[in-house]
Amino acid sequence: MTQKVAVLGTGKIGEALISGMIRAGWTPADLLVTARRPERAEELRTRYGVTPVTNPEAAKIADTLILTVKPQDMGTLLDELAPHVPADRLVVSGAAGITTAYFEERLAPGTPVIRVMTNTPALVDEAMSVISAGTHATADHLAHTEEIFGAVGKTLRVPESQQDACTALSGSGPAYFFYLVEAMTDAGILLGLPRDKAHDLIVQSAIGAATMLRDSGEHPVKLRENVTSPAGTTINAIRELENHGVRAALIAALEAARDRSRALATGNNS
């Protein structure tokens, strides 16, 4: 792999991406990083053998720029980068809510831009990364981006019009599961279990259920029905979930996340 890739604003997700790429066969010498703090950049050099550079240097040297800063910081980063990014650079954005058009308007005409929404399971190589092409991105650009993000999990191509929905479902998705595990752990304690035992029971149940969803090919309704015997414990629990509107609350929560992603695209950071 001879292309140079720069990760700009290398936080946890950016570091996970660097680590995954190296495990997938990328040469550290071909990977560049930028960080707000010099000590952070030096830490990445020591840990992975990558090369710290400034943002303008990354724009001049790298073939692919992966921008991993927060949405509210993207405008400032683009102001710094724009004078130095040639039109043949591939720019990949990992910022929620910001459209490829936003970048295309601020960079040299014809610059290929790809929008990616990944999630924190990238830290354990189980990310779900959703990829959309901008106006000037080609099939080769998409394949190259899939190769990069495939190092830390699965990838899926979608039209950019679906990105906000994907952000709500998968970008924010891990937090919903952590929230559910937290609530179930509290319930286990209420039912008389020590916290550590409740935690272990729930986490392994979650792993088992997720594996069945992935590998069985069965619809989740069918898998749930397989656990739900007549007049049993599970159907009583499901009834309470329905009585408390849990399904409706989940739908409303995901709509709120989607709406927030749309708001970020308009520059509404409040």
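Start by selecting residues 90-93, strand β5, together with β6: the two pair in the parallel sense over 3 bridges. Strands here are DSSP runs (E, at least two residues), helices are runs of H or I of at least four, and both are numbered from the N terminus. Pairing requires at least two DSSP bridges between two strands.

This is a predicted model, in which local features need pLDDT of at least 70 and side-chain atom pairs pLDDT 80 or more, while totals for chains, interfaces and linings use all residues. Residues are numbered from 1 along each chain as its sequence is written, and side-chain values use heavy atoms, without hydrogens and water.

Next, pick Val 92. Opposite Val 92 stands Ile 114 of β6. Now trace the link: from β5 the chain passes through helix α5 (residues 100-106) to β6, a right-handed β-α-β crossover. Right-handed means that, with the strands pointing away from the viewer, the path from the first strand over the helix to the second runs clockwise.

Select residues 113-117. In β6, 5 of the 5 residues are buried, so the strand is largely enclosed by the rest of the structure. Buried means under 20% relative accessible area, exposed over 50%, partly exposed in between (1.4 Å probe, protein chains only). One side of β6 has Val 113, Arg 115 and Met 117; the other has Ile 114 and Val 116.

β7 runs antiparallel to β6, joined by 4 bridges. Met 117 stands opposite Val 130 here.

Finish on α6, residues 139-149. Leu 142, His 144, Thr 145, Ile 148 and Phe 149 are buried. Down the axis of α6, the buried residues fall within an arc of 160° (directions from the helix axis to the C-beta atoms), so they line one face. Turn to the face away from that buried side: Ala 139 and Asp 140 are exposed.
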